[in-house]
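Work through the exercises below with the sequence and the 3D view open. Try each task before you read its solution.

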Amino acid sequence: MRRITEILHGVALTLWVGGLWSIGYLVAPTLFHALGNDRQLAGQLAGRLFELIGWVGLACAAYLLAFLLVRLRGAAWRRWDFWLLLLMLLLTVVGLFGVQPLLAQLKADALPREVMASVLRDRFAAWHGVSSILYLLQSLLGLLLVATAARGVR
């Protein structure tokens, strides 16, 4: 059973961080490039993908944190990787339940126009910037976790 939980730890970390990097830095830019004439559609698709990876992040963070708490008991609270996971979870929650709904509301309020062609453009751009910074931080923290995961959790 111990080996299965360790394998699931690696899978969860890989799925979450790999998904962050794939969607954020490969798929989303490709959508905007490929759908250059329809930035609204590209934005809708990218937004949906960011939402999905947010939910994946919640599930993976729950497993990874539970894994550390069960495996290391009280010692988990003294480990930097535990706190990095907790910070990544917090960034995911803020993005998924705070910033993304706000961006969606701004898009809806701009209808029938595209949000970037409306009076809400500046607010949308500012919150999109906040979202991008949160995502970048989350991606870099995830990269740090993956880079050091080779030592394993023992």
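## Exercise 1: Two helices in contact

Leu13, Trp16, Val17, Gly19, Leu20, Trp21, Ile23, Gly24 and Tyr25 of α1 are in contact with Tyr135, Leu136, Gln138, Ser139, Leu140, Gly142, Leu143, Leu145 and Val146 of α4. Contact means heavy atoms within 4.5 Å. The model is predicted: local features need pLDDT of at least 70, side-chain atom pairs count only at pLDDT 80 or more, and totals for chains, interfaces and linings use all residues. Residues are numbered from 1 along each chain as its sequence is written, and side-chain values use heavy atoms, with hydrogens and water left out.

**Task.** Sort the residues of the contact of α1 with α4 by class.

**Solution.** 
- Step 1. Ala, Val, Leu, Ile, Met, Phe, Trp, Tyr, Cys and Pro count as nonpolar; Asp, Glu, Lys and Arg count as charged; the others, Gly among them, count as polar.
- Step 2. The contact of α1 with α4 then has 13 nonpolar, five polar and no charged residues.

**Task.** Why are α1 and α4 called oblique to each other?

**Solution.** 
- Step 1. Take the axes, which are lines fitted to C-alpha atoms, for helices over the stretch in contact; angles run from 0 to 180 degrees between N-to-C directions.
- Step 2. The axes of α1 (residues 2-34) and α4 (residues 121-148) come within 10 Å and cross at roughly 140°.
- Step 3. Apply the cut-offs: under 35 degrees is roughly parallel, over 145 roughly antiparallel, 65 to 115 roughly perpendicular, and the rest oblique.
- Step 4. α1 and α4 are therefore oblique to each other.
- Step 5. The crossing of α1 past α4 is left-handed. That word applies if the near helix is turned anticlockwise from the far one by less than a right angle; clockwise gives right-handed.

## Exercise 2: A second pair

**Task.** Find how α1 and α2 are oriented to each other.

**Solution.** 
- Step 1. The axes of α1 and α2 come within 9 Å and cross at roughly 160°.
- Step 2. α1 and α2 are therefore roughly antiparallel to each other.
- Step 3. By class, the contact of α1 with α2 has 23 nonpolar, six polar and four charged residues.
- Step 4. α1 passes α2 in a left-handed crossing.
- Step 5. Look at Leu15, which lies in α1. Sequence neighbours up to four places away aside, Leu15 touches Ile53, Val56 and Cys60.
- Step 6. Leu15 and Val56 are 41 residues apart along the chain, and their C-alpha atoms are separated by 8.0 Å.

## Exercise 3: The whole chain

**Task.** How many helices and strands does the chain have?

**Solution.** 
- Step 1. The chain has four helices and zero strands. Its pattern along the sequence is α-α-α-α.
- Step 2. Along the principal axes, the C-alpha atoms fill a box of roughly 55 × 30 × 20 Å.
- Step 3. Take contacts between residues at least 6 apart in sequence: 72% of them join residues at least 24 apart.

## Exercise 4: Helix length and a loop

**Task.** Check the span of α2 (residues 39-72).

**Solution.** 
- Step 1. The expected span is 1.5 Å times one less than the number of residues.
- Step 2. The 34 residues of α2 should span 50 Å, and the end C-alpha atoms are 47 Å apart, which agrees.
- Step 3. Arg73 follows α2 and is found in the loop between α2 and α3. Its phi is near 50°, a positive value in a residue other than glycine.

## Exercise 5: Buried or exposed?

**Task.** Is Arg73 buried or exposed? Then classify Leu15, Trp127 and Leu144.

**Solution.** 
- Step 1. Buried means under 20% relative accessible area, exposed over 50%, and partly exposed in between (1.4 Å probe, protein chains only).
- Step 2. Arg73 has 61%, so Arg73 is exposed.
- Step 3. Leu15 has 47%, so Leu15 is partly exposed.
- Step 4. Trp127, in α4, has 34% and counts as partly exposed. Beyond four places in sequence, Trp127 contacts Val99, Leu102, Leu103 and Leu106.
- Step 5. Leu144, also in α4, has 41% and counts as partly exposed. Beyond four places in sequence, Leu144 contacts Trp80 and Leu84.
- Step 6. Over the chain of 154 residues, buried residues make up 34%.
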